[in-house]
Amino acid sequence: MRIASTITWLMLIHGALATQRVVVTFETREIAAMPHKILNATIVRQYGRRIVLDLGRAAVLPEAWIGEMLGMHVTVELDSMVGVSTPTWNLADSEPHSIQVEKLWARTKSIPDVYIAVLDSGLAEVAKGSFAHLVPGYDFISDKNFSLDGDGRDPDSTDPGDAGPDCLDPSWHGTMVTSIIAADHRNPFDVLGIAPDASIISIRVLGLCGAGYTADVTDAIVWAVGGVINGVPMNPHPAKIIDLSLEGDGKCPSFLQSAINQAHDSGALVYAAAGNDAFDTIANIYPANCKNVVSVGASTKSGALAPYSNMGANVLAPGGDDDDPIYVLSVFDGVLSGALTVGTSMAVAHVAGLAALNIVTANCPSPSYAITPGASSGCKCPKGTYGRVTNATHAVCITCPLGQYCPAASVACAC
Ligand SMILES: [Ca+2]
């Protein structure tokens, strides 16, 4: 049986890449992850139970033939569909557990005066043309051994690729996250950003293998909201929304908390990933566990907590799973491409994008945000429930599924 994400896999290859590709589905992800050798074909990527095969200029490769080559039963799908631009499951109004953003787009796609700081690995050069409103960011990576651009801090937040000896493929994480928030709808891969008319401040804090120092993240938060950082010119566009699709282990460091408090006091909304460790609590995951942060866990197409998502976040938003991942912009072989990914990082981006819409529509009482830290909104879910973003204007309290951990007071504001 094939799955809904098939369409997005197919979209992965229309556009810049002209060679023929197929998606091969195995019975388990363990089998898919095993080394496979297939004559005249290249394995492009393994994803969950699937691999993507590049067949070069081959005409048609029968399913039975590939199965025989692999020595097992597999499902093979050919790439033949092009030009699909309808919203994927995580965005569509027709999906009960998406953020249902289509109707809201008829009212606004946000405005350039809404500045969203994305603290991540930066933006790939080839992706920059796919955003309508990029304003100057900054590279806050201070350690030359992590920066991969040959120097420390500088005004260029371009992601040079974060691969290294211990991580052979660059993640393009910042590009994926930012595309969920604000990809221009005219991009060649039909990735539909949630708030494409908002302005993006891409701030680089994650380098080699997607890692970075918390102190750099801390400075970047202060800078993002217009604070002073020695040696760095002031940010002329203070952010109202901060996306922290990153996680560290332990209590919230006091220096990080101070920066978050400064952002909060400036009126900025700070969203952080619950983390992808399948823990039953975020007590030891920062910045999700910091005060004045809305922590975001990942939900699946069916509305369930995603299997990798840490529990105990303030709200859930689409992060996807192997069967129904999230469609994003990324880079393959040096060129812009559509791609599929999952994670609480992607869930955070959904909430950040929604916030950029809600600031404009003012659907909620002042401050005009649907999803605000409980301290300022007074909206909290009772014990035994958690908040879930159900559409563009509401986060509602959901009863905890049996056996799942819920924090005593999750944040959710329905308005
Ligand atoms: Ca640098």
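The following conversation goes through selected features of one predicted chain.

Visitor: What kind of model is this, and how are residues numbered?
Guide: Residues are numbered from 1 along each chain as its sequence is written. The model is predicted, so local features need pLDDT of at least 70 and side-chain atom pairs count only at pLDDT 80 or more, whereas totals for chains, interfaces and linings use all residues.

Visitor: How many helices and strands are in the chain?
Guide: The chain has ten helices and 19 strands. Helices (H or I, at least four residues) and strands (E, at least two) are DSSP runs, numbered from the N terminus.

Visitor: What percentage of the residues count as buried?
Guide: Of the 415 residues, 53% count as buried. A residue is buried if 20 or more other C-beta atoms lie within 10 Å of its own, exposed if 12 or fewer, and partly exposed in between, with C-beta atoms placed from the backbone.

Visitor: And what share of the contacts is between residues 24 or more positions apart?
Guide: Among contacts with a separation of 6 or more, 67% are between residues 24 or more positions apart. Two residues are in contact if their C-beta atoms, placed from the backbone, lie within 7 Å.

Visitor: Turning to helices, how do α7 and α8 pack?
Guide: Helix α7 (residues 214–224) and helix α8 (residues 254–265) pack at an angle of about 15°, and their axes are 9 Å apart. That angle makes α7 roughly parallel to α8. Axes are lines fitted to C-alpha atoms, for helices over the stretch in contact, and angles run from 0 to 180 degrees between N-to-C directions. Angles under 35 degrees count as roughly parallel, over 145 as roughly antiparallel, 65 to 115 as roughly perpendicular and the rest as oblique.

Visitor: Which residues of α7 and α8 meet?
Guide: Thr214, Ala215, Val217, Thr218, Ile221 and Val222 in α7 meet Phe255, Leu256, Ala259, Ile260, Gln262 and Ala263 in α8. The residues of this contact divide into nine nonpolar, three polar and no charged. Here Ala, Val, Leu, Ile, Met, Phe, Trp, Tyr, Cys and Pro count as nonpolar, Asp, Glu, Lys and Arg as charged, and the others, Gly among them, as polar.

Visitor: How many residues of α6 are buried?
Guide: Helix α6 is mostly covered, with ten of its ten residues buried. Among them are His173, Met176 and Ile181.

Visitor: What follows α6, and where is Asp190?
Guide: Asp190 is in the loop between α6 (173–182) and β9 (199–204). The phi of Asp190 is near 60°, a positive value in a residue other than glycine. Asp190 is buried, because 22 other C-beta atoms lie within 10 Å.

Visitor: Where is Ala278, and what is its phi?
Guide: Ala278 lies in the loop between β12 (269–273) and β13, and its phi is likewise positive, near 60°. Ala278 is exposed, because 12 other C-beta atoms lie within 10 Å. Most residues other than glycine have a negative phi, and most peptide bonds are trans.

Visitor: Which peptide bond is cis, then?
Guide: The bond from Tyr286 to Pro287 is cis, with omega near 5°. Pro287 is in the loop between β13 (285–286) and β14 (294–299).

Visitor: How do β16 and β17 pair?
Guide: Strands β16 and β17 (residues 335–341) pair in the antiparallel sense over seven bridges; two strands pair if DSSP finds at least two bridges between them. Ser330 has Ser337 in β17 as its bridge partner. The hairpin has two residues between the strands, and Asp333 takes a positive phi near 50°. In β16 (residues 326–332), six of the seven residues are buried.

Visitor: What about β2 and β3?
Guide: Strand β2 (residues 42–47) and strand β3 (residues 50–54) run antiparallel and are joined by five bridges. Gln46 has Ile51 in β3 as its bridge partner. This hairpin has two residues between the strands, and Gly48 in the turn has a positive phi of about 55°.
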